[in-house]
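Good morning, and thank you for coming. Please look at the sequence and the structure on the screen while I speak.

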Amino acid sequence: MTEAILLVGGRGTRLRPLTVRTPKPMVPAAGVPFLAHQLARARAAGVDHVILATSYLAEVFEPYFGDGSALGLSLEYVTERDPLGTGGALRNVAARLRSGPDEPVLVFNGDILTGLDIRALVATHTASGADVSLHLTRVPDPRAFGLVPTDREGRVTAFLEKPQTPEEIVTDQINAGAYVFRRSVIDAIPAGRPVSVERETFPGLLAAGAHLQGMVDATYWLDLGTPQAFVRGSADLVLGRAPSPAVPGRRGERLVLPTATVAPDAKLSGGTVVGEGAEIGPGARVTGTAVLAGAVVEQGAQITDSLIGAGARVGARTVLSGVVVGDGATVGPDNELREGVRVWCDAVLPAGAVRFSSDA
Ligand code: GTP
C-alpha cells in the first residue's frame, strides 16, 4: 500500500466556519496547517503518493506543500469545477491512482484529527479480503451521526441515517472518516456527477452483497467541524494527546514558535500555541488557545479555549473564553466575551464595550 486520497473540498466549506480568511485545511493547528498533520501521519504509515481531491483552488495548497518532496511524498492536486461530493471526488481522481485493481487505496476525510493506526486499518482490510474497510469510532451521544452497526466479525451490516428516536440508536459506532478501498471500487463509482460515499456508494455496495469491514478502536478522534473543535484539536496536538509527527516542537503545555515573543511573566498552558511573530504581553494568561501568526495579546488579558486570528489584537485585561477572534480584528481593552462569540475579521470592538456578567 503506497497511496492515499485526501478529501479536502465540499460545498460552502471554503472559508467558514472559522472566521479566518484561510481555508480550513490550511488554518494552523499546533503551528502548522492542519493538512500537514494528516500528510505527515500518512507518510509515517508508509504512504508515498497522495492525491488531494479538492474543490478549492489548488493555489491555496500548492505554495505550501508543492510537490510534497519536502514531506517525503509525491503530492498531486485535483480540483473539481463544481463539488462532486465525497464519492464523486474519489472517482474524479481515479485516473491518477497507480495501484492495481485489487490493491488497497487509503482515503481520508480532510477535517478529522485522529490517532488511527493506519497500518492496522490496512492490515484489517487485507486480512478480511474486504472491498472497503472503514475506521469506526464510538461516541457517547451518536444522535448527530450516521450509525454503522457491524456483526461479530466486524462486517458492516447497515448504514443508518441520524437516529431520530432512542430505539433507532442501535449502536454507538460511527463512520470515523478514514477508509481503505479496493482500487476497482473507486473506478466503479459513477463519473461526472455528485456522489456521496455514505449515502450512495456504501449502501449500494452493501445491497449488492459487497464486503464492507469495520475496524472499531478507541484511539483519539475529533471532528474539526466547529471552531471550538478546531481549538480543542490544536491544543490536543500540542499536549500530545493527538499524535502527529508534524508538530514543530516538543509536546507540552505550550508551543511557542521561534519568532513569537512572550513576556516572562505571561502564563501559557493547556496546549496553547503562539504562532509566528505573535506577541503575548506581561501578565497575560492564555490556556488551551491557538494564537495565530502576528496576533497580539496585551498585558493582563485572560484567554481560555479560544482562537485568536492572524494579526488580531486582544486588549489589556480583556477576558475571552470559548471565543473566535477573526483575522485582523481588534478586541479593545477591558472587554469580556464568552462561549460562542465570534468577532468577525477586521472588526473593531472599542475598550470596555462588552461585558458578559451583569453589574448587579
Ligand atoms: P457527501 O457525502 O459527498 O455528501 O459529503 P458530506 O457532506 O457527507 O461529507 P462531509 O461533509 O462529511 O465531508 C467529508 C470530507 O469530504 C471532508 O473532508 C470534506 O472536505 C470532503 N468533501 C465533502 N464534499 C466534497 C466534495 O464535493 N469534493 C471534495 N473534493 N471533497 C469533499
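I begin with charge pairs: the structure holds 14 salt bridges. A salt bridge here is a side-chain nitrogen of Lys or Arg within 4 Å of a carboxyl oxygen of Asp or Glu. Before I go on, please note that this is a predicted model, in which local features need pLDDT of at least 70 and side-chain atom pairs count only at pLDDT 80 or more, whereas totals for chains, interfaces and linings use all residues. Residues are numbered from 1 along each chain as its sequence is written, and side-chain values use heavy atoms, with hydrogens and water left out.

In general, side chains of opposite charge can pair when their charged atoms come close. One example joins aspartate 236 to arginine 232, with 2.9 Å from N to O. These two residues are four apart in helix 7 (residues 227-239), and therefore about one helical turn separates them. Helices (H or I, at least four residues) and strands (E, at least two) are DSSP runs, numbered from the N terminus. As a general point, an α-helix has 3.6 residues a turn, so residues three or four places apart point the same way.

Is aspartate 236 buried or exposed? Aspartate 236 is buried, at a relative accessible area of 5%, while arginine 232 is partly exposed, at 30%. Buried means under 20% relative accessible area, exposed means over 50%, and partly exposed lies in between, with a 1.4 Å probe and protein chains only. Aspartate 236 also meets arginine 241 in a salt bridge, at 3.2 Å from N to O.

Elsewhere, arginine 338 pairs with glutamate 336, their closest N and O atoms being 3.0 Å apart. Arginine 338 is partly exposed, with a relative accessible area of 27%, and glutamate 336 counts as buried at 14%. Glu76, Arg96 and Arg98 are linked in a network of salt bridges.

I turn now to empty space. Rolling a probe the size of a water molecule over the atoms shows where empty space is left. On a 1 Å grid over the protein atoms alone, a cavity is a set of points where a 1.4 Å probe fits but cannot get out; a pocket is an open set with protein on both sides within 12 Å along at least five of seven lines; and lining residues have an atom within 4 Å of a point. Grid points are joined across faces, edges and corners, and a volume is the space filled by probe spheres set on the points.

The largest pocket holds about 1,300 Å³ of space. Its lining has 45 residues, and Thr86, Asn109, Asp111, Glu198 and Arg199 lie nearest the centre. Among the elements that give two or more residues to this lining are helix 3 (85-92), strand 9 (173-182) and helix 6 (197-207).

The second largest pocket has a volume of about 230 Å³, and 16 residues line it. Where does the second largest pocket lie? Domain 1 (3-223) and domain 2 (253-349) both give residues to its lining, so the pocket lies between them. The domain bounds come from an automatic or database domain assignment.

There is also one cavity of 30 Å³ or more, and the largest cavity has a volume of about 140 Å³. It is lined by 13 residues, the closest to its centre being Gln38, Arg41, Phe108, Ile112 and Thr114. Helix 1, strand 6 (104-109), strand 7 (112-114) and strand 9 each supply at least two residues of that lining.

Two of these elements deserve a further word. In helix 1 (residues 34-44), nine of the eleven residues are buried, including Gln38 and Arg41. Just after helix 1, glycine 46 takes a positive phi of about 100°. As for strand 9, ten of its ten residues are buried, so strand 9 is largely enclosed by the rest of the structure.

Strand 9 runs antiparallel to strand 6, with five bridges joining them, and proline 104 stands opposite arginine 182. Strand 8 (residues 132-138) is likewise antiparallel to strand 9, over six bridges; there, leucine 134 stands opposite tyrosine 179. Two strands pair if DSSP finds at least two bridges between them.

Finally, an open sheet of six strands has the order 13-16-19-22-25-28, with parallel pairing. Strand 13 (261-262) and strand 28 (348-349) stand at the edges with a single partner strand each, so one side of each is left without a neighbour in the sheet. Within this sheet, strand 16 (residues 279-280) and strand 19 (residues 296-297) pair over two bridges, and isoleucine 280 stands opposite valine 297. Thank you for your attention.
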